[in-house]
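Hello,

Here is the structure we talked about. Please open it first, then read my notes below.

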Amino acid sequence: LQTAQDLDVRIMIDAEQTYFQPAISRITLEMMRKYNTEKAIVFNTYQCYLKDTYKEVCTDLEQAKRQNFYFGAKLVRGAYIEQERARAAALGYEDPTNPSFEATTEMYHKTLTECLRRIRILKDANIDPKKIAIMVASHNEDTVRFAIEKMQEIGIHPEDKVICFGQLLGMCDYITFPLGQAGYSAYKYIPYGPVNEVLPYLSRRAQENKGVLQKIKKEKRLLLSEITKRLAKGQLFYKPKGKYVPI
């Protein structure tokens, strides 16, 4: 983490199952307090398929405010829903996950809106709005559209560099590239490592994004349309122009 701070590289700590997560979150917040003194270097991950995510984010935001450190959060839907439900049923405790996809979407949007609202408060008070930095890590078009519309509604602009977007390399490029061309901070997430470790990770992402096959079909259709358009214009190779500064 010290090396990351020295090189101005952000570290995003992944989330795990609820029976591990409290310890991970505790350590991550301590690392935020230590290293996020001038900007958000360390980010915690919040899984919005859990019922307590909104409360947890609000609690951590308050801690960051009281202890005066920069808060970094990566918002995801979550990848362990089947394990969580099976364990809750086997051990006889309340299922910690939201009951439906729609409820998870509502949790994601509610949590993101609260973060945006607090960023706006910082801007209005002439306090560095980058005290709160959020990555919208989602392959869901509706969620990305919601984030952009809510930013516009609240008055947070791409050039504020407090919100960024992320998708896996090879997934939903038709979302990532237009975001980047429009001036938003957009990233492609590249998993790497031994095959036996990377494949389970990718399988969880596929489970998390069950509509991935439909998205691939849509992406192929859009790519074919773009190639046809470029051939018609005699502009097969195209490089967008712009000075984009990442978050």
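Which side chain does the side chain of glutamine 167 join in a polar contact? The partner is threonine 176, at 2.5 Å. (A polar contact is a pair of N or O atoms within 3.5 Å; within protein, one must be able to donate a hydrogen and the other to accept it, and residues adjacent in sequence count only if both atoms are side-chain atoms.)

A word on the source. This is a predicted model: local features need pLDDT of at least 70, side-chain atom pairs count only at pLDDT 80 or more, and totals for chains, interfaces and linings use all residues. Residues are numbered from 1 along each chain as its sequence is written, and side-chain values use heavy atoms, without hydrogens and water.

Glutamine 167 is buried, at 1% relative accessible area. (Buried means under 20%, exposed over 50%, partly exposed in between, with a 1.4 Å probe and protein chains only.)

Now the charges. Side chains of opposite charge can pair when their charged atoms come close. The structure holds 13 salt bridges. (Each is a side-chain nitrogen of Lys or Arg within 4 Å of a carboxyl oxygen of Asp or Glu.)

- Lysine 39 meets aspartate 8 at 2.8 Å, N to O. This pair links distant parts of the chain, 31 residues apart. Lysine 39 is partly exposed at 35%, and aspartate 8 is partly exposed at 46%.
- Arginine 26 meets glutamate 30 at 3.0 Å, N to O.
- Glutamate 114 pairs with arginine 117, with the closest N and O atoms 2.7 Å apart. Glutamate 114 is buried at 9%, whereas arginine 117 is partly exposed at 40%. Shared partners join Glu62, Glu114, Arg117 and Arg118 into one network.

Best wishes

Conventions:
Helix = DSSP H or I, 4+ residues; strand = E, 2+ residues; numbered from the N terminus.
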